[in-house]
Amino acid sequence: MAGIVAYGVALPKRRLRSSDIHATWRNVAEDVLEKFAFVERCVPGPDEDPITLGVDSARRCLEQAGREPGEVDGLVFGSCTNPYSTKAAATVVGEALGLPNGIFSTDVQFGGRSGSDALTVALALVGSGMARRVLAVASDCLSRHVPPGHVYEYSASAGAVSFLVSAEETVAEVEGISYWASDRADWFRVAGERYLQLGGGFVGHMSSWGLVENLLPAWKELVRRTGLDPASLQYAAVPQSTGVMPLIVATRLELDMDVVLPWVLTASVGDVGSAGVPLSLCHVLDNAGPGEKVVVLVYGWGGGATAMLLHTTQRLPSLPGRPSVMPEVERGEYVDYSRALKYEHKLLRPDRGLSGYY
Amino acid sequence: MTTELPVPIPRVEIHSTLRSAREREGRYRLVGSRCSSCQALWFPRRFVCPRCHSRELEPYQCSHRGTVVTFWPDTMGFPAIGYEEIEDRVVALVRLDDGVHVITEIADTPAGRLQNGDRVRMVLRRQKREDTGNWCYGYKFEKEAG
Ligand SMILES: [Zn+2]
């Protein structure tokens, strides 16, 4: 069956400490930062966006696979903060990578599920025989779409993950996959709006509005279909927009905390949007051995969940370029809050000028 | 338009969307030219070989890795138009592994932490906006880890 051949990670180098945001706004009690694991997050540079980060992660993915761009025959770009409405971003990504023009390429969007949906589409293309090697890109710059002063600003971050999907030379194969979708306006942007709007709540029982309702049935269906014994799981990559979310998921799905918590990166990188769970999966693949079971649980606003069961193969230990996640996480350099506001284009400026200043 | 994501569109020294699109292969991934008659490599692409004046040139994919020959911080006093959001902007001459030289911006590393001979790799970054307001993407180089 189709699976993952290689993966690549790209995070912006700039980081912002939660304490810096808090010093300006003081919009939550200090212990809230600790409870939600809001420690630091990535800040995209003024020259970075989901396209540039996506391309960077895809280049690393192809390098790890030892494949030339000409050997790829499909591209799926998943983002819920696509720099373009209407126009495809996949064309920029495809040409920047030098992929052939005569391949299937497209953008997909489903909130925080966009990135893993790209992976699902890639698996379908390969599984159906429509393509041999497909690049699935998960990339988001959530931080640009959260207004200053909102509590989500502590977490909303940016980053990208790419997977090369094929039926040959896999390091992780898919055993089963299941879905659940039901309409929830938990987080949304109506067309033309820049900032995310919260339909449910950030704390309290409404904060998981959509998450549990969708994830639980998808998970139960996965267990039923694959005959999985949850006790046999070694790794789980779960939604991690805040540090509380993995705890909610592990509790409600009755997963062992030891299977979930080592792969939660919220405190280091924040919420990387639809690249968040893929990043957690890469962290798992960086550390897993052959023949181990990994469950990938994803939630996308709007709302819907995907539950995917993978097992690693004998090829995984010899995959070059591992680890890929922690070197990216650890190369951060701090910027202050005012510079983060500038980089994220949150300061009002003239539309047209001789330059941005005069 | 720009109130959506307030990134100003410069009024002078602009990228035209049409010209930008024609030159995208060079900007996106360093596609230059190789002279079929004297084998010289060129970047950006040429239509006539500056060395032997042959018009037989073919697209050539330049190497994406190279070495910093020299670099200079942007110290003009006023930031380059359309690039004013980046403080400590650094421009460098990079010798690619196939011998081609490119003048490029170094992303994310201030001049104080850069040295001649540093290894760099090409990355795609967003450039200043085009005259129509379209995003414009192109190469920069990033210092390699380790
Ligand atoms: Zn010539």
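Across the interface of domain 1 of chain A and domain 2 of chain A, 20 residue pairs are in polar contact, both residues at pLDDT 80 or more. The model is predicted. Salt bridges across this interface number 0.

Where do the two domains lie in the chain? Domain 1 of chain A covers 3-170 + 332-343, and domain 2 covers 173-316. The contact draws on 50 residues from domain 1 of chain A and 45 residues from domain 2 of chain A. Their centres, taken over C-alpha atoms, are 16 Å apart.

Together, domain 1 and domain 2 of chain A bury about 3,700 Å², with 67% of that on carbon and sulfur atoms. On the domain 1 side, β1 (3-10), β3 (40-43), α5 (114-127), β6 (133-141) and β7 (158-166) of chain A each give at least two residues. The largest share, 7 residues, is from α5(A). By class, this side of domain 1 has 25 nonpolar, 17 polar and 8 charged residues.

Now the backbone. In chain A, the peptide bond from Gly302(A) to Gly303(A) is cis, with omega near -5°. Gly303(A) sits in the loop between β12 (293-300) and β13 (304-312) of chain A. In chain B, the bond from Phe43(B) to Pro44(B) is cis, with omega near 0°. Pro44(B) belongs to the loop between β3 (41-42) and β4 (57-61) of chain B.

Positive phi comes next. His345(A), not a glycine, has phi near 55°. This residue is in the loop between α12 (337-343) and β15 (352-353) of chain A. His345(A) counts as buried because its relative accessibility is 1%, under the 20% cut-off. Asp108(B) also is not a glycine, and its phi is about 70°. Asp108(B) lies in the loop between β7 (101-107) and β8 (119-126) of chain B. With a relative accessible area of 12%, Asp108(B) is buried.

Notes. Residues numbered from 1 in each chain as written. Chains lettered and ligands numbered in written order. Predicted model: local features only at pLDDT ≥ 70, side-chain atom pairs only at ≥ 80, totals over all residues. Heavy atoms only, no water. Domains from an automatic or database assignment. Contact = heavy atoms within 4.5 Å. Buried area = accessible area lost by both parts, 1.4 Å probe. Salt bridge = Lys/Arg side-chain N within 4 Å of Asp/Glu carboxyl O. Polar contact = N/O pair within 3.5 Å; in protein donor to acceptor, adjacent residues only side chain to side chain. Helix = DSSP H or I, 4+ residues; strand = E, 2+ residues; numbered from the N terminus. Nonpolar A, V, L, I, M, F, W, Y, C, P; charged D, E, K, R; others polar. Buried < 20%, exposed > 50% of the residue type's maximum accessible area, 1.4 Å probe, protein only.
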